Amino acid sequence: MKEYRRYWIIAAMIGVAFLLIAAFTTANWYHSKSKAADQSAMTNGVHDSSTALSNKNLDNVSAEDAVNRYLTREQELTTNLLKELKPMEASGNGSLDYVKAMISLNEATTLLSESYKTFGGNDETFKLLSQQTEKKLPAENETMKELMDKYAREEHKNEDMENAYLTDFNALVAEFEKAGKTDSSSLEHAFSQTLIQYDQLAVNLSTSILEYTDYNEIVTMAQKIINDRKPQIEELKKLTQ
């Protein structure tokens, strides 16, 4: 009897030992699995973070590239405009010289507005401004071309008045040429600052011709340009502060 009891005790001890070993093994397995999961999550987190950072960097590169391409186009437009404006060939009629210059300036301004959208500009305020410019200035140019043809046919000469106007004109164009480079921090800043320079030249030329024209229609046109562009300049300055 005692012999059987001793066997049962030994068996019980062996069973307990197996249970402890099993429990220990299971605990180690769960610990290892949990550690592996944590390491995987950490790795995935680093990967996701790296991917997000990479995507952000790509977005920045893309935005910077768009601004640089816009600035290249803007420089091309400004260079071509200056070639047309200087030196202005005397026609004998300062009003005719003014109209020629404004047609060139309006064409450059229209192309500038188109380039904002071409290179990815998507700000709703600036897109609307671009659309208005692309609609208004070509229509303004049609009227100016009609006047230019009319003045050329009339062969109305006033060289003294023209010389006085061209003195102002050349000084204003030189001031425009010396204007500082535009801010390249964003496409909106670059576009708005260039547009301000173009609008300011239009205002300056229009203000000058008011003193040197004897055409009422030029006075009306020049005053309208001043009244339209001055508020736009101020609005652009506010938008990019």
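**View 1. Glu140 (E140) in helix α3.** E140 lies in helix α3, where helices (H or I, at least four residues) and strands (E, at least two) are DSSP runs numbered from the N terminus. This is a predicted model, in which local features need pLDDT of at least 70 and side-chain atom pairs count only at pLDDT 80 or more, while totals for chains, interfaces and linings use all residues. Residues are numbered from 1 along each chain as its sequence is written, and side-chain values use heavy atoms, with hydrogens and water left out. E140 counts as buried because its relative accessibility is 12%, buried meaning under 20% relative accessible area, exposed over 50%, and partly exposed in between (1.4 Å probe, protein chains only). Leaving aside residues up to four places away in sequence, E140 touches N106, I225 and R229, a contact being heavy atoms within 4.5 Å. The side chain of E140 also makes a polar contact with the side chain of N106, at 2.8 Å; such a contact is a pair of N or O atoms within 3.5 Å, and within protein one must be able to donate a hydrogen and the other to accept it, while residues adjacent in sequence count only if both atoms are side-chain atoms.

**View 2. Helix α6 and its buried residues.** With 24 residues, α6 reaches 35 Å from its first C-alpha to its last, close to the 34 Å expected at 1.5 Å a residue, the expected span being 1.5 Å times one less than the number of residues. The buried residues in α6 are I218, M221, A222, I225, I226, R229, Q232, I233 and L236, and the buried residues of this helix pack against α2, α3 and α5.

View 3. The structure holds two cavities of 30 Å³ or more. On a 1 Å grid over the protein atoms alone, a cavity is a set of points where a 1.4 Å probe fits but cannot get out, and lining residues have an atom within 4 Å of a point. Grid points are joined across faces, edges and corners, and a volume is the space filled by probe spheres set on the points. The largest cavity holds about 50 Å³ of space, and N93, G94, S95, H156, N158, M161, E162, Y212, T213 and D214 line this cavity. Two or more of the lining residues come from each of the elements α2 (94-118) and α4 (159-177).

**View 4. The second largest cavity.** About 40 Å³ of space lies in the second largest cavity, whose lining is formed by T109, T133, K136, L137, L195, D199, R229 and Q232. At least two lining residues are supplied by each of α3 (124-154), α5 (187-209) and α6 (216-239), and α3 gives the most, with three residues.

**View 5. Two loops between helices.** P87 is found in the loop between α1 (2-85) and α2, and a cis peptide bond, with omega about -10°, joins K86 and P87. The loop between α3 and α4 contains E155, whose phi is near 50°, a positive value in a residue other than glycine. E155 is exposed, with a relative accessible area of 60%.

**View 6. The whole chain for orientation.** The protein has six helices and zero strands, and 35% of its 241 residues count as buried. Among contacts between residues at least 6 apart in sequence, 79% join residues at least 24 apart.

Key
1 Å grid on protein atoms, 1.4 Å probe; cavity = no way out; pocket = protein on both sides within 12 Å on 5 of 7 lines; lining within 4 Å.
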